[in-house]
Amino acid sequence: MAQLLNNLMEEIESLLPAVVDKRLREITEKVLSGKRLSESDALYLFESENLPLLGLLAEYRNRLVNGNYAYFVVNVQINPTNVCIYGCKFCAFAVKGRNHPRAYEMSLEEILQKVERIYSLGGREVHIVGGIPPHWRYEDYLNLLREIKKRFPEAVLKAYTAIEVYHMAKISKKGIKEVLLDLKEAGLSVLPGGGAEIFNEEKRKLIAPLKASAKEYLEVHRIAHSLGIPTNITMLYGHIEDYKDRVEHMSHVRKLQDETGGFQVFIPLKYHPEGTELGGELTSSVDDLKTIAIARLFLDNFKHIKAYWVTLGERIAQLALNFGADDIDGTILEEKIVHSAGTKTALGHAKEKLIELIKGAGKTPAERDTYYNIVRVY
Ligand code: V47
């Protein structure tokens with residue numbers, strides 16, 4: 001490993017004389033000497049055209065933290081319903097009412113079957129994320145977790161975003177802390193990172209007018225961390241936000257991580273516009289790789305940066321593993337949110353396929369659990 005790192009360092013140093021841009025050289029020196037990048041450094045990197053240097057720097061930082069490992073998990077994603085009161089403009093998955101022709105709601109039996117399937121395949125995580133239906137009561141959220149744990153006590157539940165937690169506090173008239181404690185008691189292990197979207201308040205109001213504010217969203221995570229509940233965090237990019245908004249978003253994330261250390265992983269989510277009210281274009285692959293690489297460099301207090309293969313596509317996810325990312329999420333089996341918005345990634349990957357994908361990126365596949373403990377190296 002030391003050899004690999006030295007090689008990367010030598011490669012970066014050999015490139016430096018050809019880098020005429022003084023600011024880029026200064027940023028490079030900062031990365032190589034382990035100094036923290038400022039917001040304006042991150043913005044400069046977004047605006048820079050030097051993708052190869054950016055990739056090398058991000059990969060250098062990644063290897064310092066994760067060696068040659070790239071992580072994956074055998075998991076199932078369950079989207080229990082698409083009925084949602086929020087009507088976010090970037091979302092092609094949700095529908096407003098139960099009577100909408102596309103509305104669905106899984107039965108408990110259906111959900112349990114999915115959990116059974118993944119655990120029979122050696123699964124280690126159940127990721128639950130869906131709409132927020134007007135008719136669900138507080139107890140419905142808790143009961144779903146309780147029922148899964150009753151039938152599968154070994155199931156590890158990464159369930160409900162901070163948006164749902166905020167909503168549950170509202171409908172139950174309880175505090176966020178109480179709700180999180182109830183969820184924990186019902187079987188919650190980790191809060192997934194959905195619902196963060198973009199923290200810039202102006203843009204957030206335009207794309208997700210009814211959602212909890214950035215401050216409220218982050219407060220849920222802060223309280224979760226204080227209760228020993230680890231959380232993940234995302235950033236939806238490629239819609240109406242600009243580079244400055246992405247840096248601002250990551251700055252909030254870095255600040256809270258400095259305070260609590262409770263985030264496990266940062267996940268930049270590439271926006272897919274098909275069928276959404278917001279519309280727009282897909283970001284370029286260059287932009288995707290830049291975003292991953294800058295997340296790795298800017299979020300120096302994060303161990304893990306996820307290249308979510310479902311939104312990036314398998315090929316770009318593979319490249320991202322050489323641009324600072326160290327995790328690709330998991331087998332998933334099923335996903336409706338980004339597939340409603342046009343992503344063409346095939347589902348139902350066996351873990352062998354993920355191992356192959358990681359090996360193809362020149363990395364060592366490390367199967368992990370929800371908490372990033374390594375369970376097996378391939
Ligand atoms: O919150 C919605 C995003 C998220 C679109 O925590 C869209 O490990 C792209 O958060 N194009 C849900 N994205 C998924 C999510 C997630 C996924 C994988 C791992 C983890 C984790 C979390 O999907 C939503 C929203 O930000 N989303 N619509 C769209 N059109």
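**Buried helix, salt bridges and ligand**

Modeller: Buried means under 20% relative accessible area, exposed is over 50%, and partly exposed is in between, using a 1.4 Å probe and protein chains only. Keep in mind that this is a predicted model, where local features need pLDDT of at least 70, side-chain atom pairs count only at pLDDT 80 or more, and totals for chains, interfaces and linings use all residues. Residues are numbered from 1 along each chain as its sequence is written, and side-chain values use heavy atoms, with hydrogens and water left out.

Colleague: How many salt bridges does the structure hold?

Modeller: To count, a side-chain nitrogen of Lys or Arg must sit within 4 Å of a carboxyl oxygen of Asp or Glu. One of them joins the side chains of Glu59 and Arg63. The total for the structure is 32.

Colleague: Which helix do Glu59 and Arg63 both lie in?

Modeller: Their salt bridge has an N to O distance of 3.3 Å. Glu59 is buried at 4% relative accessible area, and Arg63 is buried too, at 9%. The two are 4 residues apart, about one turn, and both belong to residues 51-66, helix H4.

Colleague: How many residues apart are Asp327 and Lys306?

Modeller: These two form a salt bridge, with their closest N and O atoms 4.0 Å apart. The pair links distant parts of the chain: Asp327 is in strand E9 (327-330), Lys306 is in the loop between strand E8 (304-305) and helix H13 (309-312), and the separation is 21 residues.

Colleague: Are Lys353 and Glu314 buried, exposed or partly exposed?

Modeller: Their side chains meet in a salt bridge at 3.6 Å, N to O. Lys353 lies in helix H16 (351-360) and Glu314 in helix H14 (314-320), so the pair ties together parts 39 residues apart in sequence. With 32% relative accessibility for Lys353 and 23% relative accessible area for Glu314, both come out as partly exposed.

Colleague: How much of the ligand does the protein bury?

Modeller: Some polar contacts (pairs of N or O atoms within 3.5 Å) involve ligand oxygens: the distance is 3.2 Å for a backbone N or O atom of Gly194, 3.0 Å for the side chain of Asn232 and 2.7 Å for the side chain of Lys306. Taken alone, the ligand exposes 620 Å², and the buried part is 97%.

Colleague: What is the phi of Leu333?

Modeller: Leu333 is found in the loop between E9 and H15. Leu333 is buried, with a relative accessible area of 14%. Although Leu333 is not a glycine, its phi is positive, about 70°.

Definitions and conventions
A polar contact is a pair of N or O atoms within 3.5 Å; within protein, one must be able to donate a hydrogen and the other to accept it, and residues adjacent in sequence count only if both atoms are side-chain atoms. Accessible areas come from the Shrake-Rupley method with a 1.4 Å probe; for residues, only the protein chains shown count as cover.
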